[in-house]
Amino acid sequence: MKVRRTSSGNVSATITPLQVAEIPNPGNDLTFIAQMAPGTVMNTERGDGNISFYGLPATSNLFTVNGMNDMDPLLSVNNSGATNLMLGLNDIEEVTVVTNGYSGDYGGLAGANINYVTKAGANAFHGNAKYYWNGRALDANSFFNNATGTPLPFVNANQWSASLGGPIIKDKAFFFIDQEGLRVLIPTSVEAQAPTQAFDQATLANLSNLGLSASVPFYQKMFNLYNHAPGASRAQDVLPNRGCSNVTALPGGISCALAYRSTVGQLTDQWVLASRLDFNLTSADQVFVHGEVDRGHQATYTDPISPVFNIVSNQPEEQGQVGWTHVLGNNKVNSLRATLQYDSAIFGPPNRRAARGAF
């Protein structure tokens with residue numbers, strides 16, 4: 001797999017179509033494939049980026065698709081979608097990982113160049129279909145959930161892909177189309193706290209005694225949110241000092257707050273639709289057009305008290321590449337690439353008006 005070019009000093013590894021299709025890949029993430037190259041280490045430290053080559057930072061790598069930079073310009077990592085996975089594995093024919101790119105066609109960053117080439121149609125029709133599922137029926141409860149009496153939470157993960165390619169005009173024009181996606185609901189596992197009924201009553205009484213009755217509805221709304229949060233019925237008196245501070249301590253050793261483990265989750269979804277057209281214009285001229293549409297909603301933050309306070313992100317992305325290859329004689333080739341990419345990620349509550357109305 002490892003190749004050293006004696007004329008340029010480049011060191012590269014090519015992952016074949018069979019390896020791309022058959023090697024187990026968690027999440028079908030395109031960046032995972034690059035870990036098969038020599039000198040690769042999975043990034044398990046703090047910071048951005050999935051993989052590190054020869055000790056360089058994980059933000060030093062350059063990812064390209066059909067010659068187009070497929071990068072997140074903010075974090076200097078691969079351009080991933082709502083799931084933070086680089087979907088599109090079923091659309092990829094071959095991967096080349098250049099770990100020492102000294103020639104002029106590589107540049108920009110000091111790390112590895114991970115180059116993806118998409119699939120194309122042929123004179124024979126070909127395609128595939130895959131579906132993966134994982135859910136609560138296949139999972140065991142976690143140690144911390146069992147230790148706190150928290151039941152097994154709901155888990156559901158669905159991932160699929162399907163493709164079809166073939167001829168439009170035999171030997172002249174071909175098509176390939178791929179659709180894949182992911183819908184996943186993964187629970188959280190965090191400690192949440194809720195005020196006791198005694199604390200609620202004491203607070204409301206103090207407000208009235210201080211002449212602040214106008215604030216009572218506000219606090220009632222807040223206490224109602226805490227007391228009706230998912231899992232609040234499992235709350236136990238396990239906090240230090242019974243959940244009270246020196247200021248909020250209640251007479252008679254009454255508890256101020258209870259604690260429980262919250263396992264609520266929210267949906268993250270992402271799907272990709274990619275297509276490619278190839279044309280043999282002449283024996284010396286080949287042209288291709290490749291486009292991809294990516295849509296998804298990311299569950300960025302899951303609030304344990306109420307879903308109206310969740311944070312989500314709508315993350316649309318679109319890209320396209322046009323390539324023209326012209327053969328000049330027996331030893332020269334000219335290749336032209338024109339590319340375009342758009343992506344957006346805006347974070348906020350699902351419904352701002354509902355969030356303001358709830359609190």
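**Helix H5 and its surroundings**

Reply: Helix H5 (216-227) consists of 12 residues, and the distance from its first C-alpha to its last is 16 Å, close to the 16 Å expected at 1.5 Å a residue. The model discussed here is predicted.

The buried residues of H5 are considered next. Val216, Met222, Phe223 and Leu225 of H5 are buried. The cover over the buried residues of H5 includes strand S14 (190-195), helix H4 (197-209) and helix H6 (352-358). As a general background, nonpolar side chains in soluble globular proteins tend to be buried together.

Cys244 and Cys256 form a disulfide, with their sulfur atoms 1.9 Å apart. A search of the whole structure finds 1 disulfide. In general terms, such a link is a covalent bond between the sulfur atoms of two cysteines. The torsion about the S-S bond of Cys244 and Cys256 is about 100°, and therefore the disulfide is right-handed. Cys244 is buried, and Cys256 is buried as well.

The nonpolar cores come next. The largest nonpolar core contains 21 residues, and those with the most contacts inside it are Phe53, Val95, Val97, Ile114 and Tyr116. Two or more residues of this core come from each of strand S2 (11-15), helix H2 (30-33), strand S4 (51-53), strand S5 (62-65), strand S9 (92-100) and strand S10 (113-118). A second, separate core has 8 residues, among them Ala192, Ala229, Ala232 and Tyr260.

Leaving aside neighbours within four places in sequence, the residues in contact with Phe53 include Ala34, Ala37, Pro38, Gly39, Thr40 and Asn61. Val97, Thr99, Ala112 and Ile114 are also in contact with Phe53.

Asn66 is located in the loop between S5 and strand S6 (68-69). The relative accessible area of Asn66 is 5%, so Asn66 is buried, the cut-off for this term being under 20%. The side chains of Asn66 and Gln321 are joined by a polar contact of 3.0 Å. Not counting residues up to four places away in sequence, Asn66 touches Tyr116, Val117, Thr118, Arg276, Phe288, His290, Gln321 and Arg337.

Key
Residues numbered from 1 in each chain as written. Predicted model: local features only at pLDDT ≥ 70, side-chain atom pairs only at ≥ 80, totals over all residues. Heavy atoms only, no water. Core = buried A, V, L, I, M, F, W, Y, C linked by side-chain atoms within 4.5 Å. Buried < 20%, exposed > 50% of the residue type's maximum accessible area, 1.4 Å probe, protein only. Helix = DSSP H or I, 4+ residues; strand = E, 2+ residues; numbered from the N terminus. Contact = heavy atoms within 4.5 Å. Disulfide = S-S within 2.5 Å. Polar contact = N/O pair within 3.5 Å; in protein donor to acceptor, adjacent residues only side chain to side chain. Expected span 1.5 Å × (residues − 1).
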